[in-house]
Amino acid sequence: MQDLIWLLPTFPLLGFLCLVLTGGSLPRKIVAVIGAGSVGLSFLSAVLIAAQFLASGEDYFVKEVWVWMAVGEFTPGFNFYLDGLSLVMMLIITGVGFLIHLYSTGFMADDPAYSRFFAYMNLFVAAMLMLVLGDNLLLLYLGWEGVGLCSYLLIGFWYENPDNGYAARKAFVVTRVGDTAMAIGLFLLFTQLGTLNIQDMLGAAQQQWAIGSPLAIAAALLLLGGAVGKSAQLPLQTWLPDAMAGPTPISALIHAATMVTAGVYLVARTHVLFELAPTVQMLVAFVGLATLLMAGFTAMTQRDIKRILAYSTISQIGYMFLALGAGAWSAAVFHLMTHAFFKALLFLAAGTVILSLHHEHDIFKMGGIRKQLPIAFWSFIIGSAALAALPFTSGFYSKDEILLAALAVEGPGLLLWIGGVIGAFFTGIYSFRLVFVVFFGDSQGHQEVKEEAGWTMAAPLMLLMVLALLGGWIQVPLDAVFSSGAGHEEAPVSLLVHAVMIAAPFLGIGVSYLFFMSKVFDVDKLMANPLASSLHRFWFSGWGMDALYQRIFVNPFLYLARINRNDLIDSFYALLVSITRTAHLMLARTQTGYLGWYALSMAAGLVLIISLGVML
Amino acid sequence: MMILFYIAGTVAVVSTVGVIVQSNIVHALIYLILSLLAVAVVFFSLGAPFVAVLEAIIYAGAIMVLFLFVIMMLNMGQHTIDQEKTWMAAKDWALPAGLAAILLAQLLYVLRDFQVDIVPNEVGVLEVSALLFGPYVLAVELASILLLAGLVSAYHLAKK
Amino acid sequence: MQSIPIEHGLILAGVLFALGLVGVLTRRNIVFVLMSLEVMLNASGLAFVVASARWGHADGQVMFLMILTLAAAEVAVGLGLIIQMYRKFKTVDIDVLSEMKG
Amino acid sequence: MTLADLLPLMPLLIVSATAVLVMLQIGVRRSHTVTATIAVTGLLLATLAAALMMSATNQQVTPLLIIDQYSLFFTVVCCAAAMFIVILSYPYLARLDDDKDEYYLLLVIATVGAIVMVSSNHFVSTILGLETLSMSLYGMLAYPLHSKESAQHPLEAAVKYLVLSAVSSSFMLFGMALIYAQTGTLAFSSLIDLNSNAVSLSDSYAIVGLLLLISGMAFKLSLAPFHMWTPDVYEGAPLPATAYLATIGKTAMFVVLLRFVVMSEALRYDAVVIVFSLIAALSILAGNVLALLQNKLKRILAYSSIAHMGYLIIAVIASYFAASTISIEAVTFYLLAYMIMSLGAFGVVSVVSSSEKEFDLVSDYQGLFWRDPWLALIFTGMLLSLAGIPLTVGFIGKFYLFFAGVESALWPLLLVLVVGSGIGLFYYVRIVYHMLLPVPTSPQFPSATGERLGSYGVLTILFLLLLLLGVYPAPVMALIETVSAFI
């Protein structure tokens with residue numbers, strides 16, 4: 001079965017090809033079967049492969065499917081590499097992916113571009129699998145760019161609205177900044193270490209580079225650039241909230257569960273490099289900390305249900321980066337997994353709410369719908385509990401590990417820990433703010449609520465609820481992967497620390513309750529305070545990052561473009577064009593059609609080259 | 001032999017010049033035949049009597065007769081001489097002659113220290129045929145294919 | 001029997017070759033062009049025979065025979081084309097064959 | 001020459017026998033269909049024979065021919081391509097108001113020449129193969145000469161090709177004679193250290209001989225500055241003959257060039273390297289620039305072939321500097337790739353054309369995507385491959401060449417390659433763009449009829465090969481690696 005690992009990306013790819021080649025002429029039923037079924041088959045094979053892999057007790061497994069080409073030492077191939085890390089990723093991608101596909105068959109039922117939607121989704125799954133299963137940099141890069149492309153296509157899925165197109169372009173351009181850094185990083189690794197194979201490369205790096213050597217730092221920094229872009233971390237986080245313009249299942253699959261965590265995967269996969277560059281690793285931790293706090297503040301002030309979830313995603317990935325920075329590789333991946341469960345659950349539930357309320361996104365226009373939408377309600381309760389890391393939910397276990405790891409970091413450990421706890425406190429506030437405002441209180445005069453949709457949408461929610469609750473009990477088989485980083489001693493931690501960590505989210509929920517449920521405190525009164533309201537505005541705008549970028553990047557660029565209208569660079573190209581044109585016209589004149597002239601040119605050519613030969 | 005070589009060589013060069021400057025095509029053809037015969041003598045002086053004979057029979061004989069036929073067919077007698085003269089302006093000669101002169105000069109330059117004397121031992125029909133029917137037998141067969149190609153092409157092109 | 005320096009043989013071939021080239025380049029009458037081509041091919045053959053005489057074996061002479069063969073075939077095809085050209089254009093000026101250019 | 005020598009010659013013998021058979025058949029009763037069928041069958045048999053013999057044969061047959069895996073590889077390629085061209089020619093010639101059969105006879109004889117060339121390691125066989133090929137091509141290029149309705153200029157093409165080709169042959173022969181005067185053998189052999197006891201010559205003498213020979217070869221490969229004939233001959237000749245000249249003619253010559261350069265160690269002389277570099281750079285730039293604003297497809301393909309031959313020369317230069325056989329593999333792979341894409345491109349044009357009317361203008365293909373999507377797809381594939389877009393064989397080929405260049409650190413030439421490819425993209429994509437435009441009110445050519453089914457089959461095979469070798473080239477690369485070890 002393991003030998004059939006190539007089937008995993010092949011199924012969705014075939015699904016994509018089927019859907020594209022038929023060009024939307026298939027009936028919806030068949031599109032649904034192909035679209036969801038291909039990922040389902042992929043999941044099934046993933047489970048079988050995982051079972052066999054775990055039973056075999058091997059540390060890793062390589063399947064060479066084919067060598068694309070063999071040019072000297074350069075032999076890129078379609079080789080798949082399976083170890084604990086890619087196993088976890090592969091199960092998340094296919095499993096959660098399948099549930100989201102299933103959900104989408106109901107969610108997108110009314111959309112005219114049904115077939116196109118599933119085509120893109122299938123392509124995405126194939127590319128994402130390629131990214132996590134590839135054993136060389138080329139496949140990794142292919143998958144990386146493939147998911148970026150699909151993300152772009154799907155954010156702008158409803159392309160009739162120019163805003164969506166704008167959001168898609170923004171996502172593309174911002175992540176491209178990171179991608180460029182990563183491409184340079186990969187090239188650096190290839191040229192320095194002389195191999196495309198990731199494992200060989202890491203081994204070579206360990207042998208050739210000393211800890212803290214400039215090359216290792218440069219490579220790790222460049223890779224971090226790519227990871228930061230893809231995973232929407234500071235300072236490249238601005239694209240993700242806007243990416244919510246896409247259909248909600250997209251937000252669940254791409255912008256919560258899988259693609260945005262590719263950065264975490266990348267860092268975890270190349271953790272050897274980061275261990276060789278401790279300063280960069282520390283930078284990772286602080287990037288994560290800053291991001292999780294920033295996004296936590298912002299999430300508290302948002303009104304759009306999907307934007308709240310988007311900021312919470314940014315914040316949770318911040319936790320993962322914090323874990324990576326702290327060297328707790330397994331904890332990061334563990335949190336990646338639990339986050340995939342509960343965030344997918346939250347997004348899908350949000351999708352149900354949005355669909356039932358006729359595409360209403362503003363939470364303050366919802367209110368009191370827990371009776372009408374019980375499944376969505378319970379999804380939100382469980383999802384938010386896991387998100388806030390209440391005890392015994394999946395999020396609790398993973399976040400606990402991260403915070404403990406952060407505390408164990410030498411030097412700024414306490415700082416990181418305090419930041420993480422504050423973040424947990426905010427998580428409690430914003431996640432239950434959402435629940436209280438949307439599901440309790442009075443109905444805010446919204447229209448009648450549509451029935452919750454059929455089983456295709458309910459079943460994935462149920463399953464994800466179970467996973468969000470119990471996912472913390474899953475043992476991720478990562479010890480073999482991160483053996484090199486296993487130096488962390490589990491230091492005994494005082495009860496106080498545990499108490500603070502458990503209390504922080506409850507405290508947040510309490511605050512949230514007082515503000516939004518019992519209305520003991522009034523938000524409006526708070527807003528009357530000028531300091532609070534300006535803070536609110538500041539946080540609401542995502543710490544003014546967009547405005548800042550507008551001012552320091554976009555405006556100068558536009559300004560340059562404006563003063564440069566007739567312009568230097570363009571005229572350079574125009575010059576090139578006119579040079580080639582002139583060259584063409586001049587050379588074309590030599591083609592006179594006269595035989596004598598042609599013979600003369602041959603003789604002249606002969607004399608020319610013989611003169612060269614005799615003189616040299 | 002040496003004297004024969006130089007005399008024949010001079011004749012060949014002079015008559016070849018005649019070929020390329022003549023405006024009367026029939027005269028030019030006669031010059032060409034003369035040149036080929038002179039080359040045949042050169043061959044003989046170099047100790048290659050067999051190819052000398054072939055040069056005379058096939059080149060100067062058969063092939064040139066082919067030319068003569070065509071010249072007759074196209075009716076290019078005396079009256080085309082004037083036309084030929086108008087086609088040969090002095091300025092048209094400068095560049096080609098210059099290029100050829102450079103080429104020749106380069107050849108002379110690289111031959112300057114190539115000093116090997118040929119002692120013209122006769123390598124006659126026996127040696128040539130031993131080669132032709134020995135290692136080069138395939139070449140003979142291929143030459144027949146080559147002639148077949150020429151034959152078919154010429155037949156198709158010249159018919160009607 | 002005196003010996004002949006090989007460079008003189010090669011120079012003779014080179015001179016004939018250059019003369020043939022001049023003929024090809026300058027003449028507009030296609031029959032002259034073809035005749036000049038014969039001169040060039042013949043000069044190459046001469047060079048082979050000279051070289052063959054230097055080494056005292058017959059390979060170069062075999063090569064000469066091959067050149068003879070190809071010259072004959074070339075002339076046959078070339079003259080066939082000349083006849084067609086004359087039929088079509090009523091001239092032997094190669095410059096009429098310049099309908100394609102650019 | 002013994003009986004044991006006959007077996008390796010099997011492909012050559014089969015093709016020669018086919019020629020004889022075609023001749024006999026013409027003598028008995030003329031029939032276009034029967035002639036074409038015999039030609040296809042014979043060439044197919046030769047292809048199969050060569051393919052079957054490939055793994056087990058490595059033999060010098062008389063001093064003239066070397067039948068090894070490398071020559072057999074190209075025998076397969078040339079015979080298969082010749083077979084495809086026969087299939088493409090059949091509908092093209094169907095309405096010619098003249099005898100059609102001699103065309104196939106000439107084509108088969110030309111293939112004999114091509115096989116001799118790819119197997120040649122001796123001046124005599126080189127010249128004989130080359131001239132057999134050329135002599136047949138003169139006839140093929142001028143074939144529709146007598147037809148009143150012929151839109152092209154077959155006579156002009158043939159005369160230009162004949163005269164210039166004869167000039168180049170004489171360059172080549174004179175060069176060979178000079179080399180022979182030094183080495184004393186007509187076989188391809190090293191110019192260095194061969195006759196240490198004989199009077200050694202100055203380097204420049206050998207260089208002049210080499211350069212004469214190389215310039216003659218460069219003419220046949222239409223490398224700048226010997227390229228001028230190419231567009232005129234391509235344009236004037238009937239399409240299948242052009243395709244033959246452009247693919248098999250070029251490939252066979254290139255194999256000879258490669259073998260000669262490797263065996264003679266010509267690149268040991270700096271001057272030769274410099275001349276090659278100059279030729280490559282000039283060809284790439286001139287070819288691409290000349291094609292830029294061209295409106296006739298055959299001329300575009302002619303100019304583009306100049307550029308492609310320039311790309312190939314880069315790898316030839318690299319063959320001397322690289323330690324491995326990688327650049328020989330690169331040349332081999334690129335020749336195969338060039339064969340596929342060039343034949344495909346000519347095939348598309350030939351499918352819609354006939355001897356009465358050729359659709360040669362880019363604007364004739366406006367809206368082809370909406371009228372004949374399959375044909376348009378194939379044409380797009382071929383053009384993108386010529387431009388070197390990934391997932392086509394052209395990309396892999398160009399990558400291979402590039403890699404060979406990098407191995408040998410030929411940076412200036414690689415820069416020229418990149419610039420040339422950039423310019424090239426423009427004119428290839430321009431054709432694709434025209435195919436995507438709306439259909440003009442009066443479509444330029446009628447839709448395909450039943451008799452063109454074979455041509456469509458050939459194009460489909462070529463298209464699939466193009467994709468297969470673009471996506472999964474590894475097995476062919478492995479094969480090429482094996483055969484390249486023989487040169």
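Buried area is the accessible area, taken with a 1.4 Å probe, that two parts lose on being put together, summed over both. The model is predicted, so that local features need pLDDT of at least 70 and side-chain atom pairs count only at pLDDT 80 or more, while totals for chains, interfaces and linings use all residues. Residues are numbered from 1 along each chain as its sequence is written, chains are lettered from A in the order in which they are written, and side-chain values use heavy atoms, with hydrogens and water left out.

**View 1. The interface of chain B and chain C.** About 6800 Å² is buried between chain B and chain C, and carbon and sulfur atoms give 79% of this area. On the side of chain B, Tyr59(B), Trp87(B) and Ile118(B) lose the most area to chain C, together 11% of what that side buries. The contact (heavy atoms within 4.5 Å) takes 79 residues from chain B and 70 residues from chain C.

**View 2. Polar pairs across the interface.** Eleven residue pairs, both at pLDDT 80 or more, are in polar contact between chain B and chain C, a term for N or O atoms within 3.5 Å, one able to donate a hydrogen and the other to accept it. Zero salt bridges are found there, where the rule asks for a side-chain nitrogen of Lys or Arg within 4 Å of a carboxyl oxygen of Asp or Glu.

**View 3. Strands paired between the chains.** Strand 1 of chain B and strand 1 (residues 4-5) of chain C run antiparallel and are joined by two bridges, where strands are DSSP runs (E) of at least two residues and pairing needs at least two DSSP bridges. Ile118(B) has Ile4(C) as its bridge partner.

Technical notes:
Polar contact = N/O pair within 3.5 Å; in protein donor to acceptor, adjacent residues only side chain to side chain. Helix = DSSP H or I, 4+ residues; strand = E, 2+ residues; numbered from the N terminus.
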